[in-house]
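Work through the exercises below with the sequence and the model side by side. Try each task before reading its solution.

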Amino acid sequence: VAKRLIPSLGLLETVKRTRLDYWEHDPKDFDYYVSKPTADDLPILLKKFDEEGLDVWPWIWTHPNGNGPHFVFLGVDEYVVRQIQELRAASPQNNILVVADTAALTMAAGDDPEVYSRCHCGVVTDATLELLNREHKIIMLTDERVIAFDHLIIS
């Protein structure tokens, strides 16, 4: 996976890939493969990955773990940045992921371009929300990353 440095944010960004890169997968390479997933497929994928140890597609990018709660922010603004700082200050165990485009990240960071790096945030700039399963607290992004969360904040 290619990365590029965003100096103004102090982050590495995944280079935007083409739709073809995202959707060309050989089902034979996976133990369990869903070609057109729905929100109802997400908990099944997570169970097959976590409990059965299967290699699944769409791929599980984050899943529940004992290291701390997982906070996912879809979108970012100055208020979200303050929430991120408060979460990091509250506990180093808080896992924080921000899904937003580079321009929004830059604008929200204001005079503190290192805030996401300093707060140990995961940052996704090349995908947006595709599916949401509220009951099981799982989302899938447009690049087919499956993300389990404890708290989802949409701004």
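**Exercise 1. Describe the second largest pocket: what is its volume, and which residues line it?**

Solution. The second largest pocket holds about 160 Å³ of space. On a 1 Å grid over the protein atoms alone, a pocket is an open set of points where a 1.4 Å probe fits, with protein on both sides within 12 Å along at least five of seven lines, and lining residues have an atom within 4 Å of a point. Its volume is the space filled by probe spheres set on the points, which are joined across faces, edges and corners. Next, look at the lining: there are 12 residues, and Val-99, Ala-100, Ala-127, Thr-128 and Leu-129 lie nearest the centre. Sorted by class, the lining has 6 nonpolar, 3 polar and 3 charged residues, where Ala, Val, Leu, Ile, Met, Phe, Trp, Tyr, Cys and Pro count as nonpolar, Asp, Glu, Lys and Arg as charged, and the others, Gly among them, as polar.

The model is predicted, so local features need pLDDT of at least 70 and side-chain atom pairs count only at pLDDT 80 or more, while totals for chains, interfaces and linings use all residues. Residues are numbered from 1 along each chain as its sequence is written, and side-chain values use heavy atoms, with hydrogens and water left out.

**Exercise 2. Trace the sheet that contains E5: in which order do its strands lie?**

Solution. The order in this open sheet of 4 strands is E5-E11-E10-E9, with mixed pairing; strands (E, at least two residues) and helices (H or I, at least four) are DSSP runs numbered from the N terminus, and two strands pair if DSSP finds at least two bridges between them. Strand E5 (59-62) and strand E9 (129-133) are the edge strands, each pairing on one side only. E5 pairs with strand E11 (residues 145-148) in the parallel sense over 3 bridges, and Thr-62 stands opposite Ile-147 in E11. Finally, helix H2 (residues 42-50) lies across E5, E9, strand E10 (138-141) and E11, running at about 100° to E10; contact means heavy atoms within 4.5 Å, and angles, from 0 to 180 degrees, are taken between N-to-C directions of lines fitted to C-alpha atoms, for helices over the stretch in contact.

**Exercise 3. Trace the sheet that contains E8: why is one side of each edge strand left without a neighbour?**

Solution. Here 4 strands form an open sheet in the order E8-E7-E6-E12, and the pairing is parallel. Strand E8 (121-124) and strand E12 (151-154) stand at the edges with a single partner strand each, so one side of each has no neighbour in the sheet. The twist from one strand to the next averages 15°. Strand E6 (residues 70-74) pairs with E12 over 4 bridges in the parallel sense, and Leu-74 has Ile-154 in E12 as its bridge partner.

**Exercise 4. Find the peptide bond between Trp-57 and Pro-58: is it cis or trans?**

Solution. The bond joining Trp-57 and Pro-58 is cis, with omega about 0°. Pro-58 itself lies in the loop between E4 and E5.
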